[in-house]
Amino acid sequence: MAIAKVLLVDDEVPFVEAMTRRLKKRDLEVSPAFSGVEALEKLGKERSIEVVILDVKMPGIDGIETLREIKKKFPMIEVVMLTGHATVETAIEGMKLGAYDYLMKPCDMDILMKKVGEAAARKRNQETKIIEARLKEITLRRT
């Protein structure tokens, strides 16, 4: 079983191809997307995605707007922002919108893997708590 199911979103095709290979070698299941619109479409279809690695600067819907839509439509999915054009303002806005973390390109693979692992664990933990709360509610209704 893979460490996590990841959606890698960046408009730079060579970057996505190279990162996909590198992440798969580290036991991640990776699905690529080349725009914010494509990312949202894939999230709607591929319900097993746990973590999105999302570029900030993209044409059309940028990473911040994509993050906003992900959190609106798929609030349990964790997002790691990844950019070569970081500003403090963008990082703060991303974190306020619910990004798990914000990393600079080029990113150390060990750090990225650590963040993805933590983000996937956080998502799984939240899902477990929701299931436990629902089970408790059902149990209390029966008694």
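## Terms and basis of the model

A residue is called buried when its relative accessible area is under 20%, exposed when that area is over 50%, and partly exposed in between, with a 1.4 Å probe and protein chains only. The structure is a predicted model, in which local features need pLDDT of at least 70 and side-chain atom pairs count only at pLDDT 80 or more, while totals for chains, interfaces and linings use all residues. Residues are numbered from 1 along each chain as its sequence is written, and side-chain values use heavy atoms, with hydrogens and water left out.

Helices (H or I, at least four residues) and strands (E, at least two) are DSSP runs, numbered from the N terminus. Contact means heavy atoms within 4.5 Å.

Glu 29 belongs to strand β2, residues 29-33. Glu 29 counts as partly exposed because its relative accessibility is 42%. When residues up to four places away in sequence are not counted, Glu 29 touches Ala 2, Ala 4, Lys 5 and Val 6.

Lys 5 is found in strand β1, residues 5-9. With a relative accessible area of 12%, Lys 5 is buried. The side chains of Lys 5 and Glu 29 are joined by a polar contact of 3.3 Å. A polar contact is a pair of N or O atoms within 3.5 Å; within protein, one must be able to donate a hydrogen and the other to accept it, and residues adjacent in sequence count only if both atoms are side-chain atoms. Neighbours within four places in sequence aside, the contacts of Lys 5 include Ser 31, Glu 46, Ser 48 and Val 51.

## Helices α2 and α3

Helix α2 (residues 36-45) and helix α3 (residues 63-73) have axes that come within 10 Å and cross at roughly 15 degrees. Axes are lines fitted to C-alpha atoms, for helices over the stretch in contact, and angles run from 0 to 180 degrees between N-to-C directions. The two helices, α2 and α3, are therefore roughly parallel to each other. Angles under 35 degrees count as roughly parallel, over 145 as roughly antiparallel, 65 to 115 as roughly perpendicular and the rest as oblique.

The crossing of α2 past α3 is right-handed; a crossing has this hand if the near helix is turned clockwise from the far one by less than a right angle, and is left-handed if anticlockwise. On the α2 side the contact is made by Gly 36, Ala 39, Leu 40 and Leu 43, and on the α3 side by Thr 66, Glu 69 and Ile 70. These residues divide into 4 nonpolar, 2 polar and 1 charged. Here Ala, Val, Leu, Ile, Met, Phe, Trp, Tyr, Cys and Pro count as nonpolar, Asp, Glu, Lys and Arg as charged, and the others, Gly among them, as polar. An α-helix has 3.6 residues a turn, so residues three or four places apart point the same way.

Buried residues in α3 include Gly 63, Ile 64, Leu 67 and Lys 71. The cover over the buried residues of α3 includes α2, β3 (51-55), β4 (78-83) and α4 (88-96).

The axes of α3 and α4 come within 10 Å and cross at roughly 10 degrees. That angle makes α3 roughly parallel to α4. Ile 64, Leu 67 and Arg 68 of α3 meet Thr 90, Glu 93 and Gly 94 of α4. By class, this contact has 2 nonpolar, 2 polar and 2 charged residues. Thr 90 counts as buried, at 17% relative accessibility. Beyond its neighbours within four places in sequence, Thr 90 is in contact with Val 56, Ile 64 and Tyr 102.

## Helices α1 and α5

Helices α1 and α5 pack at an angle of about 70 degrees, with their axes 12 Å apart. They are therefore roughly perpendicular to each other. The contact joins Met 19, Arg 22 and Leu 23 of α1 to Met 109, Leu 112 and Met 113 of α5. It has 5 nonpolar, no polar and 1 charged residues.

## Two backbone features

Asp 27 lies in the loop between α1 (13-25) and β2. Asp 27 has a positive phi of about 70 degrees although it is not a glycine. The peptide bond from Lys 105 to Pro 106 is cis, with omega near -10 degrees. Pro 106 is found in the loop between β5 (101-104) and α5 (109-142).
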